[in-house]
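Dear colleague,

I am passing on the structure below, and I would be glad if you could read the notes under it alongside the coordinates.

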Amino acid sequence: MTVALMWEAKAADGRGAELLEWARARGAELPYEPLRRELLRAPGGRVLVLTWWEGPYDAVVPELPDPPAELTARPVHRWRFESLGDDGRGGLEGLDPSRTPKGADRDK
């Protein structure tokens with residue numbers, strides 16, 4: 001099982017590049033490596049960090065801290081997801097078969 005963490009921050013005006021570099025440096029300082037890490041940016045100084053970790057949904061895994069307040073325009077948003085794999089089919093075993101989309105089991 002894999003858990004994915006999303007960390008998203010919006011930079012204070014004119015601080016987007018600094019926030020991006022701060023997030024990059026903090027990701028490199030995690031106490032151990034995630035299975036995968038991806039750093040993204042968007043207009044408006046938004047920075048998104050996605051990390052994937054081995055373990056169940058409620059696994060205790062390292063998370064990025066909050067950046068210095070002067071770098072952000074609002075509090076950091078965090079979300080946690082259970083990964084369903086590259087094809088999105090993982091996790092179907094726990095669903096009621098009558099609610100499974102048609103064709104979802106065609107490759108079994």
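**The largest cavity**

With 3 residues, β1 gives the most to the lining of the largest cavity, strands being DSSP runs of E of at least two residues, and helices runs of H or I of at least four, numbered from the N terminus. This is a predicted model, in which local features need pLDDT of at least 70, side-chain atom pairs count only at pLDDT 80 or more, and totals for chains, interfaces and linings use all residues. Residues are numbered from 1 along each chain as its sequence is written, and side-chain values use heavy atoms, with hydrogens and water left out.

A search of the whole structure finds 1 cavity of 30 Å³ or more, where a cavity is a set of points on a 1 Å grid over the protein atoms alone at which a 1.4 Å probe fits but cannot get out, and lining residues have an atom within 4 Å of a point. The largest cavity holds about 60 Å³ of space, the volume being that filled by probe spheres set on the points, which are joined across faces, edges and corners. Its lining includes Leu5, Met6, Trp7, Val49 and Thr51, and both β1 (2–10) and β3 (46–54) supply at least two residues each.

**Confidence**

The protein averages a pLDDT (the predictor's confidence in each residue, from 0 to 100) of 85, and 82% of the residues score at least 70. Over residues 94–108, however, pLDDT stays under 50. Where pLDDT is low, the predicted coordinates should not be read in detail.

With best wishes

Key:
On a 1 Å grid over the protein atoms alone, a cavity is a set of points where a 1.4 Å probe fits but cannot get out, and a pocket is an open set with protein on both sides within 12 Å along at least five of seven lines; lining residues have an atom within 4 Å of a point. Contact means heavy atoms within 4.5 Å.
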